[in-house]
Amino acid sequence: MGGGVRCQSVKCHSVSASHDVRSAADAAEGGKDRSSKKKKKKKKKNCTRAVHNERVVALQLLERALEVNRDDPDIYIMLGNIALEMRMPDAALKLFRVYVSLKPDDFVGYNNVATALRTLEQFDEGIAVLQDVLPRFPEVGELWNTLGTLVSQRDGIEAAQPFFAEAVRLKPKMVTALANCAHGFEQAGIPEKVIEYGERAIACDPEFSEAHFVTASAHLVLGNLQRGWQEYEWRLHWKR
């Protein structure tokens with residue numbers, strides 16, 4: 001009996017020790033995972049900070065250039081683009097409006113004003129800007145596409161589809177407009193059209209991740225599982 005008790009005790013001790021070793025190994029592995037995640041997070045944070053610092057420097061250089069020549073419209077458009085990328089849409093809007101006042105015959109200024117207003121969620125005002133200038137620039141696909149994005153955010157993508165279609169008609173290789181059309185057909189439940197427009201965008205720009213992503217769901221709906229999952233992997237690269 002005593003031997004049996006000792007044997008059981010040893011066995012339990014052995015199991016406990018084994019469990020402790022596994023727990024320690026798991027903890028160590030978990031520590032490595034956490035350490036790896038921390039390193040990745042730190043690296044991403046450093047990259048983001050580096051990009052931000054580069055934009056700040058560019059902004060400062062352009063501001064100095066602006067002090068020398070306040071009548072150069074290109075400086076305003078560049079400053080506005082940087083401000084928009086730095087999530088300063090109010091500042092960007094002011095700069096784009098100055099650009100428009102200096103260069104009223106360039107559609108880019110109006111398009112950028114509308115883009116800034118969209119970022120500020122001032123959809124009605126952005127739509128009004130484009131409706132005012134489109135009679136002057138009816139053949140500019142970018143304006144139709146931007147109008148579509150504003151209408152889509154205000155009224156839904158189905159209401160915006162005619163504007164995206166016009167953008168594609170005018171500029172058949174505009175990948176953003178093609179992808180917007182694909183999204184519209186996705187909402188309408190027409191996967192064949194989603195694939196058609198998505199693949200047209202991919203043919204124009206094979207690295208355009210949004211087109212791959214929107215095409216993926218359509219392939220999956222139609223049962224094209226291998227192609228669908230292949231395209232779905234692009235979600236990891238899609239910068240929304």
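**Reading a helical model**

Author: This is a predicted model, and the protein in it has 11 helices and 0 strands.

Reader: How many of the residues count as buried, and how much area does the protein expose?

Author: Of the 240 residues, 38% count as buried, while the protein exposes about 15000 Å², of which carbon and sulfur atoms supply 55%.

Reader: What share of the contacts joins residues 24 or more positions apart?

Author: When the contacts with a separation of 6 or more are taken, residues 24 or more positions apart account for 46% of them in this protein.

Reader: At what angle do helix α8 and helix α10 pack, and how far apart are their axes?

Author: Helix α8, residues 175-188, packs against helix α10, residues 209-221, at an angle of about 20°, and their axes are 10 Å apart. Because angles under 35 degrees count as roughly parallel, α8 is roughly parallel to α10.

Reader: Which residues make the contact, and how do they divide by class?

Author: From α8 come Ala 179, Ala 182, His 183 and Glu 186, and from α10 come Glu 210, Val 214 and Ser 217. Sorted by class, the contact of α8 with α10 has 3 nonpolar, 2 polar and 2 charged residues.

Note on methods. Residues numbered from 1 in each chain as written. Predicted model: local features only at pLDDT ≥ 70, side-chain atom pairs only at ≥ 80, totals over all residues. Heavy atoms only, no water. Helix = DSSP H or I, 4+ residues; strand = E, 2+ residues; numbered from the N terminus. Buried < 20%, exposed > 50% of the residue type's maximum accessible area, 1.4 Å probe, protein only. Contact = heavy atoms within 4.5 Å. Areas by Shrake-Rupley, 256 points an atom, 1.4 Å probe, with all protein chains shown as cover. Axes fitted to C-alpha atoms, helices over the stretch in contact; angles between N-to-C directions. Parallel < 35°, antiparallel > 145°, perpendicular 65-115°, else oblique. Nonpolar A, V, L, I, M, F, W, Y, C, P; charged D, E, K, R; others polar.
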